Amino acid sequence: QVHVVESGGGLVQPGGSLRLSCTASGIDFVPYNAGWYRQAPGNQRELVALITRVSSTTYADSAKGRFTISRDNAKNTVYLQMNSLNVEDTAVYYCNVARSTIANYWGQGTQVTVSS
């Protein structure tokens, strides 16, 4: 069975930092791309950051300069370091682990709330 589990969400004040973790089990993580998406109430799910199997990265404009995505293949884990958080970052953050045309797995999400 394949499982993708996110952790690290919580409540943080504006300007604060948070690091999200996503761990995949039941697969060989190495050939997979991984991404972080988020969805706020009433909004569509959007891509925040993507890291490929060769560690190339892509960021949404709203995340550039503030967020950093990374991966540790030995731990089957992808991270999202979030700095300078603001209220607009409040959302449920989802991890996606995908191998094009072969497999696509989603986690259940972790809540990030930025509030004073």
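The model is predicted, so local features are reported at pLDDT of at least 70 and side-chain atom pairs at pLDDT 80 or more, whereas totals for chains, interfaces and linings use all residues. Residues are numbered from 1 along each chain as its sequence is written, and side-chain values use heavy atoms, with hydrogens and water left out.

**First stop: the charged network**

Select Arg38, Glu46, Arg66 and Asp89, which are linked in a network of salt bridges, a salt bridge being a side-chain nitrogen of Lys or Arg within 4 Å of a carboxyl oxygen of Asp or Glu. The structure holds four salt bridges. Turn to Arg38 and Glu46, whose side chains meet at 2.8 Å, N to O. Glu46 is partly exposed, with a relative accessible area of 37%, while Arg38 counts as buried at 6%; here buried means under 20% relative accessible area, exposed over 50%, and partly exposed in between, with a 1.4 Å probe and protein chains only.

Now move to Asp89, which forms a salt bridge with Arg38, their closest N and O atoms being 2.9 Å apart. Asp89 lies in the loop between strand S8 (77–82) and strand S9 (91–99) and Arg38 in strand S4 (residues 33–39), so this pair ties together parts that are 51 residues apart in sequence. Strands are DSSP runs (E, at least two residues), numbered from the N terminus. The side chain of Asp89 also meets that of Arg66 in a salt bridge (2.8 Å, N to O), and both Asp89 and Arg66 are buried.

**Second stop: the nonpolar core**

Next select Trp36, Phe67, Val78, Leu80, Met82, Tyr93 and Val97, which touch the most other members among the 29 residues of the largest nonpolar core. Such a core is a set of buried Ala, Val, Leu, Ile, Met, Phe, Trp, Tyr and Cys residues joined through side-chain atoms within 4.5 Å. Centre the view on Leu80: leaving aside neighbours within four places in sequence, its contacts (heavy atoms within 4.5 Å) include Leu18, Trp36, Val48, Phe67, Ile69 and Tyr93.

**Last stop: a hairpin**

Finally, follow S9 into strand S10 (residues 103–106), with which S9 pairs in the antiparallel sense over four bridges; two strands pair if DSSP finds at least two bridges between them. Val97, already selected in the core, has Tyr105 as its bridge partner in S10. Between the two strands of this hairpin are three residues, and Thr101 takes a positive phi near 65°.
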